[in-house]
Amino acid sequence: MPETSTEACLKLVRDHDEQAARELMAQLYPLVLKLVRAHLPHRSSEEDLCQMTFIKIFNNIDQYSGKVPLEHWVSRIAINTCLNQIKAEKSRPELRLADLSEGESRVVENLASTTDELPSSDRNSAKELIDRLLGQMKPQDRLILNLLHIEERTIEEIKALTGWNSALVKVRAFRARQKLKALYTQLTGRTHL
Amino acid sequence: MKNDRLNLLLRAAARAEQTSDETMPFGFETRVIAQWKRNSGENSLALFRRALACACAVVLASFALSYHTLESSQSTELAIADTAMEANFTP
């Protein structure tokens with residue numbers, strides 16, 4: 001099948017054309033995967049969440065009006081799917097210092113001893129530590145911190161992805177940061193964060 | 001932005017290596033399409049069931065209404081016949 005434009009592809013998908021659906025999936029898969037990986041709940045696999053996201057996309061394709069870029073609409077569905085899954089996983093076990101891996105403990109120690117940027121070798125451990133801390137937070141707090149600080153998105157982008165207004169985004173980000181700070185302090189027992 | 005520990009931690013986490021494997025798992029497309037088709041089939045069936053239920057309700061309602069009308073018209077006819085007979089036989 002020759003490569004068709006997104007518009008034409010969408011039209012074919014609305015008519016239940018399988019080949020067009022495969023083409024659209026191939027086009028959108030990297031975006032969906034990236035979002036799912038960034039907001040992955042603890043007990044779900046990324047493959048399952050990608051699958052759920054695409055099924056929602058195809059089931060609701062008639063509702064896509066074309067007023068916003070397709071990627072925005074798809075991102076919103078992917079994020080909401082992850083958010084719903086996080087909400088479904090209610091238990092958030094308390095994190096203790098002894099639960100941290102060697103790398104995560106090193107990050108905590110390095111943060112305690114320096115005010116400079118962490119070495120690049122600590123980045124993956126820092127991400128794991130942040131994921132653990134975020135895993136203890138409410139889905140919306142987790143979402144806003146991920147979008148703002150880990151994915152480094154702008155307020156405008158977050159507005160488009162979540163449907164929240166600017167004030168709400170800022171307030172939620174502020175409160176979520178305070179909660180993250182409190183969790184880190186509770187974990188490490190250090191008050192000067 | 002202040003260089004506090006939380007910012008340092010968040011910045012380091014943001015710069016962590018992303019898993020670069022973006023290949024679709026084997027059979028992924030097929031599973032999604034099969035589920036999509038099944039859902040749309042179920043939706044059509046559900047729509048058909050709803051339409052059938054509505055049609056049945058309309059048929060029953062119209063039957064009940066016409067039965068009531070038939071019954072009442074029949075009793076009126078009998079009453080008229082009774083009156084006529086009584087009128088004929090009364091001296």
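Q: How many salt bridges are counted between chain B and chain A?

A: A salt bridge here is a side-chain nitrogen of Lys or Arg within 4 Å of a carboxyl oxygen of Asp or Glu. Between chain B and chain A the count is 5, and over all chains the structure holds 13. A word on the source: this is a predicted model, where local features need pLDDT of at least 70, side-chain atom pairs count only at pLDDT 80 or more, and totals for chains, interfaces and linings use all residues. Residues are numbered from 1 along each chain as its sequence is written, chains are lettered from A and ligands numbered from 1 in the order in which they are written, and side-chain values use heavy atoms, with hydrogens and water left out.

Q: Which residue forms a salt bridge with Arg31(B)?

A: That partner is Glu47(A), with the closest N and O atoms 2.3 Å apart. Because Glu47(A) lies in helix α3 of chain A and Arg31(B) in helix α2 of chain B, the pair joins two chains. Helices are DSSP runs (H or I, at least four residues; strands are E, at least two), numbered from the N terminus. Glu29(B) also meets Arg22(A) in a salt bridge, at 3.6 Å from N to O.

Q: How do I read the size of the interface, and what area do chain B and chain A bury between them?

A: The size of an interface is often given as the accessible area lost when the parts come together. Buried area is that loss, found with a 1.4 Å probe and summed over both parts. Chain B and chain A bury about 3700 Å², 63% of it on carbon and sulfur atoms. In chain B, Arg5(B), Leu9(B) and Trp36(B) lose the most area to chain A, together 21% of what that side buries.

Q: How many residues of each chain are in contact?

A: Contact means heavy atoms within 4.5 Å. By that rule, 32 residues of chain B touch 43 residues of chain A.

Q: How many residue pairs are in polar contact across this interface?

A: A polar contact is a pair of N or O atoms within 3.5 Å; within protein, one must be able to donate a hydrogen and the other to accept it, and residues adjacent in sequence count only if both atoms are side-chain atoms. The rule finds 10 residue pairs here, both residues at pLDDT 80 or more. On the side of chain B that touches chain A, α1 (5–14) and α2 of chain B each give two or more residues. The largest share, 11 residues, comes from α2(B).

Q: What is the volume of the largest pocket, and which residues lie nearest its centre?

A: On a 1 Å grid over the protein atoms alone, a pocket is an open set of points where a 1.4 Å probe fits, with protein on both sides within 12 Å along at least five of seven lines; lining residues have an atom within 4 Å of a point. Grid points are joined across faces, edges and corners, and the volume is the space filled by probe spheres set on them. The largest pocket holds about 680 Å³. Of its 26 lining residues, Arg37(A), Ala38(A), Lys127(A), Asp131(A) and Gln18(B) lie nearest the centre.

Definitions and conventions: Buried area = accessible area lost by both parts, 1.4 Å probe.
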